[in-house]
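Trainee: I'd like to learn how to read a model like this one. Can we go through it feature by feature?

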Amino acid sequence: MDNLLVAENICKQFGNFTALNNVSINIPRESIFGLLGPNGAGKTTFIRIINQITMPDSGVVYLDGKPLHPNDVGHIGYLPEERGLYKSMKVGEQALYLARLKGLTKAEAKEQLDYWFTKLDIKHWWDKKIQELSKGMAQKVQFVITVLHRPKLLIFDEPFSGFDPVNADLIKNEILQLRNEGATILFSTHRMESVEELCDYMALIHESNKLLDGKVDDIKRAHKTNTFEVGMNPFNENELLAELNSNFKIKKAHFKSLSDDLKLNIQIKPNESPNDLLQYLITKSRVNHFVEVVPSVNDIFIKTVTKNE
Amino acid sequence: MNNLKLIIQREYLARVRNKTFIVMTFLSPLILVGMFSLIAYLSMLNNSETHTIAVKDDSGLFKGEFENKEEIDFVDVSSISLEDAKLLVKEKEYYGVLYIPNNQDNVALAKSILFFGKEAPSIGILRQIERTISKNLTTRELISRGLDISQIKAAEAQVDIRIENFQGERTSKMSNYIKMIFGGAAGYLLMMFIIIYGNMVMRSVIEEKTNRIIEIIISSVKPIQLMLGKIIGTSLAGITQFSIWVVLGTILLFVTSSLTGMNLMEAQPQMQDIEQVSNGEIQQLIIDITNLPILTLILSFLVYFIGGYFLYSAIYAAIGAAVDSETDTQQFMFPIILPLMLGIYVGFFSVIENPHGTVSTIFSMIPLTSPIVMLMRIPFGVPWYELAISVIILFVTNAGVVWLAAKIYRVGILMYGKKPTYKELYKWIKY
């Protein structure tokens with residue numbers, strides 16, 4: 001697998017506090033990579049190391065196969081968790097300044113700004129000061145500034161915190177499009193739903209250690225419990241329950257449905273086939289609902305974290 | 001390097017476009033000139049006030065000796081009693097009564113003269129009266145001892161010591177005042193500049209922190225680049241402001257002086273108190289000013305300004321990075337102001353007293369005070385090697401302080417919500 005970013009054995013200490021303990025992470029090219037972890041796990045420190053804001057005590061970060069170089073800032077776009085803009089500076093002037101700090105020439109920056117401002121329909125903001133804009137408007141400008149220089153690697157730290165739903169959706173679609181156009185995206189969050197929706201890969205950091213990483217689907221597969229959620233109208237409920245109880249692990253399930261009398265989570269053994277279960281159930285009831293329970297990232301997260309405590 | 005240029009440019013424009021900057025730049029000279037005009041006007045008012053002094057001369061020696069001057073009128077009240085004279089003075093609101101008792105012994109008389117007044121008379125007036133009496137009594141005493149007064153007059157030598165330095169340049173007694181004024185002004189200006197623009201640097205750092213833009217910027221540039229860019233950009237704004245002030249101030253001063261009819265040259269001798277200034281000395285004054293090491297002074301002002309300003313604004317930047325809001329800066333302000341004040345006090349007391357004494361020399365070497373103290377010493381002539389040592393110490397310290405400040409800055413800008421202690425700052429340096 002071709003990785004855009006490889007971080008090898010990163011360690012970082014602040015005084016007596018260990019922020020990162022031997023963390024290695026590979027981010028495949030043109031993927032969306034979710035960096036998960038509770039607050040204070042070390043996500044932001046890791047991201048700051050990639051951005052060369054902080055230097056690691058040991059370990060190397062490779063971008064495109066080469067160790068990170070100060071000039072690489074031009075290949076990285078970073079939207080930090082703590083973000084804002086100069087309040088009394090005009091939007092256009094500010095965007096130009098920040099783009100030029102990333103190494104773009106004035107002409108290039110103007111061209112890109114023109115493209116993005118037109119795309120997001122914010123061209124008329126050019127001469128406004130940030131303090132005249134609403135929070136959501138300022139966030140759009142921030143997003144544009146992050147992606148303006150067409151970086152290979154985009155890093156978003158809690159990108160949706162503070163975004164209103166409309167803007168969050170807009171940004172989500174832009175992120176997906178950027179990935180399709182060839183950008184690699186690193187995504188740091190403690191909000192699991194967004195990982196579920198967007199990420200191809202993920203890594204879990206907890207208390208300075210990486211607990212697991214890999215393809216989101218693989219991780220889910222590894223954590224599946226062969227449990228099926230079933231909703232049915234049994235012909236004889238007591239008889240069915242007794243039989244199921246003796247053959248499978250069952251638990252009451254909770255989901256919304258219109259007509260089901262009995263809702264169960266049924267766990268089969270790894271060598272058993274769900275087809276056999278379904279066939280058996282059909283003889284005993286009218287089956288309305290039969291779904292495999294896929295563990296949510298949230299479940300995996302909680303399970304992994306509690307297991308390691 | 002390119003990024004540094006961009007940062008300097010932005011910081012400069014941000015400072016210069018600020019409304020307060022514009023207002024201050026164009027209003028300050030007006031306020032300053034207004035203030036000077038007011039002071040000049042008030043002192044003119046004060047001088048034009050005439051005091052009347054009643055003279056009760058029982059000895060009869062001073063008849064006609066007290067000449068009425070611009071600000072003093074003498075009234076002879078020798079014919080009435082002292083008590084009546086006092087009542088009269090109270091009633092007519094005179095300045096006071098000068099009582100000269102009848103005593104044939106000149107020396108005893110000199111010690112028995114009294115002045116009664118509602119309040120203590122001004123030193124200037126008192127000195128004039130004393131001089132008149134002393135001259136009269138001395139002459140009398142000389143005559144009574146049988147000396148020929150005309151002989152003495154003829155023998156009196158008018159002494160005017162000419163002062164020349166070893167290079168053969170002539171100076172005058174006044175030149176020390178001029179040196180004091182020039183040195184003092186330069187030192188004071190430097191202190192104001194450091195405080196005003198150091199604060200600006202600090203506020204700008206805090207602004208970036210509270211706006212939360214800091215992390216976006218330092219993902220593109222190194223923190224030290226941002227810090228240096230900010231310091232340099234702000235200093236350029238300061239230089240711009242002072243240049244405008246100098247130009248505006250000069251224009252306004254000339255305009256007001258021609259409007260009020262006040263002659264700048266005439267105003268000069270007033271500073272000399274009552275000392276007489278002859279025409280020759282005014283010419284000498286101009287020569288003195290041109291004889292000052294002006295070039296050295298200007299050059300060293302620039303050098304010390306750069307050195308001192310960098311030293312202090314690096315500290316200001318570190319403080320700005322360490323705190324979350326301006327109110328939290330108080331605890332760190334005192335250690336900054338202290339050496340600056342010390343420099344000014346050492347300058348005004350020690351340098352003027354003894355420009356090349358131990359205290360002045362030491363403080364013109366200590367980097368935190370050297371910009372101010374050395375600037376005050378320069379007009380008195382400082383050997384080049386002392387200047388060189390002081391400048392070298394200043395710039396070496398500067399490099400060290402900027403390096404330390406950058407370390408605190410680097411950590412501090414990413415810290416939120418904590419009010420750091422000195423201990424924590426020390427820890428940050430070691431990160």
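This is a predicted model: local features need pLDDT of at least 70, side-chain atom pairs count only at pLDDT 80 or more; totals for chains, interfaces and linings use all residues.

Trainee: Which way do the residues of β3(A) point, and are they buried or exposed?

Mentor: A residue is buried if 20 or more other C-beta atoms lie within 10 Å of its own, exposed if 12 or fewer, and partly exposed in between, with C-beta atoms placed from the backbone. Strands, like helices, are DSSP runs numbered from the N terminus: E with at least two residues for strands, H or I with at least four for helices. Here I32(A), G34(A) and L36(A) point one way from β3(A), F33(A) and L35(A) point the other way, and all are buried. Because five of the five residues of β3 (32–36) of chain A are buried, the strand is largely enclosed by the rest of the structure.

Trainee: Which strands does β3(A) pair with?

Mentor: Strands of a sheet pair through backbone hydrogen bonds, either parallel or antiparallel. The rule used is that two strands pair if DSSP finds at least two bridges between them. β3(A) runs parallel to β8 (184–189) of chain A over five bridges, and L35(A) faces S188(A) there. Four bridges also join β3(A) to β9 (201–206) of chain A, again in parallel, with A203(A) as the bridge partner of L35(A).

Trainee: What covers the faces of β6(A)?

Mentor: I can tell you which residues are buried: I76(A) and Y78(A) on one side of β6 (76–79), G77(A) and L79(A) on the other, so to speak both faces are covered. β6(A) pairs in parallel with β7 (153–157) of chain A over four bridges, where Y78(A) stands opposite I155(A).

Trainee: How is chain A divided into domains?

Mentor: The bounds come from an automatic or database domain assignment. Domain 1 of chain A covers 3–221 and domain 2 covers 225–293; their centres, taken over C-alpha atoms, are 44 Å apart.

Trainee: And what is the order of strands in the open sheet of chain B?

Mentor: Four strands of chain B run in the order β2-β1-β3-β4, with mixed pairing. β2 (72–76) and β4 (114–117) are the edge strands, each pairing on one side only. Within that sheet, β3 (96–100) of chain B and β4(B) are antiparallel over four bridges, and V97(B) has F116(B) as its bridge partner.

Trainee: How many residues of chain B are in contact with chain A?

Mentor: Contact means that the C-beta atoms of two residues, placed from the backbone, lie within 7 Å. By that rule, 16 residues of chain B are in contact with 18 residues of chain A. α1 (2–17) and α8 (214–218) of chain B each give two or more residues to the chain B side, and α8(B) gives the most, with four.

Trainee: Is N2(B) buried or exposed?

Mentor: N2(B), which sits in helix α1 of chain B, is exposed because 9 other C-beta atoms lie within 10 Å. N2(B) and I22(B) are 20 residues apart in sequence and 28 Å apart in space, C-alpha to C-alpha.

Terms used:
Residues are numbered from 1 along each chain as its sequence is written. Chains are lettered from A and ligands numbered from 1 in the order in which they are written.
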